[in-house]
Amino acid sequence: MELARLRPEFNFNIPNYDIYKTDRIPQNNPHALGGGTAVLIKKSIPHYYIPTPKFHFVEATTISLNLVNQDPFTITSIYIPPYTDLTLFTIDLETLIQLGPNPIICGDFSAQHQIWGSPINTTRGKELVRFAQAVGIEILAPASPTRFGYNSATILDLALIKDFILPYEITSLSELYSDHNPIKLTFKLKFSTPHDKITSNTDWGKFQNYLRNQVEYKPYRISNEMDIEEAVRNFEKNLQEAHRFATKIVKKSTSTYIHPNIKNLIKTRNKTKKDWQTLRNPSIKTELNRIEKLIKKLEKESRQKDKTEELEILNPENGTLWTKAKIMRRKAQKIPALKGEFKLALSDPDKAETIAVSLEKQFSLNNLSHSETEEEVNESTNNFSPPINNNYQNDNINSIQPSEVIKIIKKLNIKKACGRDGITNKMIKNIPCTMVFALTEIINNIFNFNYFPNAWKTAVVVPILKPGKDPTTPENYRPISLLSTLSKITENFILDKLNEHLIGNKILCPEQFGFRKSLTTNHQLLRVVEYITSGFDRGECTAAVFLDIQKAFDRVWKQGLIHKLIMYKTPPNLVQLLNSYLDDRKCVVRIGNSSSESKTMNAGIPQGGKISPVLYSIYVNDIPTTHKTLLGMYADDTTILARNKNPKYTAAAINQYLEKLDDWFVKWKIALNVSKTEAVYFAKGEKKHKPVIKIKNKIIPWSQQAKYLGIILDNKLTWQSHISSIKTKFRNATRKLYPLIARDSDMKRKYKILIYTAILRPIITYGCPIWGSAAKSNINKLEVLENNIIRQICKAGWYMRNEDIRKTIKLRSLKDFIKKISVNFYNNIENIDNVAIQQIDKYTPNIKSKRPRKILL
């Protein structure tokens with residue numbers, strides 16, 4: 001189809017259809033205000049988009065159809081603007097023909113020739129006939145005109161086919177309100193596709209009865225690791241069979257409801273249009289215009305009514321409100337053609353394989369070597385004596401009870417996606433007691449034999465594009481791993497045993513705040529900001545380096561991690577179980593309904609695993625520290641700070657530490673991304689001569705600001721940059737949710753306020769105990785944001801005061817809310833058992849100081 005007026009910034013959606021469009025670039029026509037070409041295709045038809053080459057004379061959008069038991073087709077929607085060259089357009093046509101086999105090129109060619117029924121032969125028409133004869137193309141045209149002017153009728157809309165033997169039928173339809181008729185081109189072939197909208201309905205009572213009556217529970221006779229694998233397979237098989245037995249496939253109607261009155265008017269409109277095209281009577285044209293205006297009016301009223309009904313039924317209690325808000329905030333994007341090693345990946349299977357190959361390289365060790373450390377690790381791991389498998393209780397690991405498994409199952413979120421086995425959280429929450437006993441026995445035998453089943457080691461990876469990155473590069477996709485639910489349940493118990501050892505022996509360094517009980521990003525930010533601002537009070541300047549560790553979780557040296565577990569005197573049976581957990585990990589990339597071949601993860605810890613964050617903390621736990629610098633870590637987000645009145649001493653402390661840290665990185669095969677590492681020199685006044693800081697003999701340039709744990713720290717800690725960033729994020733989020741909270745939205749006011757307090761306000765208040773002491777002028781900017789959105793929600797007139805509005809809806813002012821959060825935050829600090837937190841200066845807030853506790857005044 002051609003898009004005559006649609007501008008690039010506007011998109012449209014049709015249920016159950018994929019839409020591919022190429023927007024017009026107005027370089028050849030500066031007066032063009034929109035337009036282009038598009039292809040609409042049912043989602044159920046196997047296809048993929050072919051990227052549009054650069055054309056000089058035509059506009060086109062191309063897809064490839066891959067029907068089962070049929071040769072592939074290449075379908076192109078084309079438009080040749082009248083102002084382009086009358087003969088050179090054939091160069092672009094030749095390119096389109098070569099995009100794929102069995103090409104079908106349809107659209108407005110702006111060409112006339114008597115061969116296809118036009119009244120005259122134009123230059124472009126003659127050239128198209130010459131080109132078709134030269135390359136063996138067949139030109140298809142309907143028998144009746146396709147374009148009607150005020151005093152003319154001609155055939156401009158054609159189809160070109162090459163190497164086609166299928167019978168076809170092409171007709172011009174007197175439908176829609178346009179000077180061009182839609183063209184219907186039908187090829188007669190047999191193929192079947194899945195139903196557009198298939199959903200399933202599971203009878204959970206039937207599911208439970210099947211597992212009670214059809215699956216006989218007998219204690220497993222497990223004597224080795226292969227028996228565990230067999231028990232896991234049988235357990236999964238029973239759940240899958242029960243689910244199939246209790247589930248009915250329901251086909252939903254894919255047709256869009258159209259009011260009968262509108263349907264009748266459309267039929268009348270089409271008949272009137274046909275009469276006008278035949279008779280050219282002005283009175284018929286007037287009637288046609290009247291009917292079209294009436295159709296548009298009724299369609300607008302119908303859409304408004306549907307929208308009102310949809311908004312009125314949204315409710316936070318049944319989850320419909322949050323589901324709608326989530327859909328509006330996160331719109332799924334199709335993955336375009338990817339740049340593979342040797343060719344473009346166009347189809348979903350090729351895209352999945354291309355990203356899988358990229359991930360296989362990503363999950364590999366960094367090319368760093370330190371012979372002494374490698375020898376030490378090899379000796380440690382090779383000399384490790386695994387425990388005897390037949391009596392795991394000797395190592396103080398008590399057997400798991402069914403009640404503990406049930407407690408974990410009750411906490412499962414039924415909305416989470418399942419792993420490769422297709423076993424959902426809802427299936428697990430509906431298993432009867434006998435299946436709980438069976439699962440408990442499997443978990444106990446996993447601890448008994450210190451063996452983690454291979455069936456649970458393959459992750460399904462769903463690639464998500466990183467913000468602001470090139471979508472055609474495979475490396476720019478973040479892998480979101482979906483692991484087996486059964487694996488996660490088991491990991492909970494492994495994590496309990498590991499934490500018991502780590503906490504009981506106080507092994508983890510206090511500077512690491514990531515995934516630690518009672519510790520958040522705000523606590524680490526507080527350490528950093530207090531260190532800088534206390535230096536301001538003493539007249540000291542602070543140099544800070546924010547390190548960017550390359551693929552931190554994905555390139556953990558597994559053997560080195562096992563060595564460290566041994567060095568921290570982790571119970572041997574737990575070491576062996578964790579070694580089994582990490583060994584022979586695989587991943588499969590899934591795009592749409594297509595999956596790649598499984599790829600081995602030669603390094604790294606499983607993303608999405610319950611144990612992974614703690615394992616990473618153990619791996620970096622022996623990071624060096626010095627008394628001259630402050631180290632802050634939250635998972636892999638690492639910063640180093642040093643302060644002194646003399647910049648030379650500050651630089652010396654940082655550089656000495658970075659040299660020490662670089663040696664440690666090499667020992668443990670951790671790579672630093674120097675180009676993304678930032679340095680900021682925090683000082684009250686301007687410093688013309690700043691010291692030089694180097695990593696790997698590369699000078700790190702000083703930045704005016706750096707982002708750490710989601711907060712922008714500028715070099716004077718005025719918080720202006722961060723507050724500007726908040727405003728941008730808030731406005732972007734508000735735009736996405738605007739249909740729900742707009743003045744003319746029919747959703748209940750209390751739900752609009754709930755969207756603000758639950759979704760929008762947290763964007764403003766994140767980290768507020770740290771930056772809440774900013775200047776009043778900066779805080780006022782955020783208050784303006786809140787006031788604007790509240791006035792919009794409440795449909796307030798210009799004469800209404802903000803204080804009166806907040807009082808009416810019982811909403812705290814933003815300043816009061818920020819202060820309440822900050823008071824609770826600082827009151828709870830005293831209860832946190834962490835040395836690094838307790839070392840933060842305790843002081844009385846001062847109105848003239850920039851320190852964070854000023855917010856408490």
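Reply: Contact here means heavy atoms within 4.5 Å. The model is predicted, with local features needing pLDDT of at least 70 and side-chain atom pairs pLDDT 80 or more, whereas totals for chains, interfaces and linings use all residues. Residues are numbered from 1 along each chain as its sequence is written, and side-chain values use heavy atoms, without hydrogens or water.

Leu239 touches Phe207, Leu211, Ile423, Met427, Ile428, Ile431 and Met435, leaving aside residues up to four places away in sequence. Together with Leu498, Leu239 touches the most other members of the largest nonpolar core, which has 93 residues. Such a core joins buried (under 20% relative accessible area, 1.4 Å probe, protein chains only) Ala, Val, Leu, Ile, Met, Phe, Trp, Tyr and Cys residues through side-chain atoms within 4.5 Å. Helix H12 (residues 433-449) supplies the largest share of this core, nine residues; a helix is a DSSP run of H or I, at least four residues, numbered from the N terminus. Another core lies apart, with 68 residues, among them Tyr531, Ala544, Phe682 and Leu740.

As for the helix pair, the axes (lines fitted to C-alpha atoms over the stretch in contact, with angles from 0 to 180 degrees between N-to-C directions) of H15 (residues 558-567) and H16 (residues 572-582) come within 10 Å and cross at roughly 165°. H15 is therefore roughly antiparallel to H16, a term for angles over 145 degrees. Lys558, Leu561, Ile562, Leu565 and Ile566 of H15 meet Val575, Leu578, Asn579 and Leu582 of H16.

Terms used: Buried < 20%, exposed > 50% of the residue type's maximum accessible area, 1.4 Å probe, protein only. Helix = DSSP H or I, 4+ residues; strand = E, 2+ residues; numbered from the N terminus. Parallel < 35°, antiparallel > 145°, perpendicular 65-115°, else oblique.
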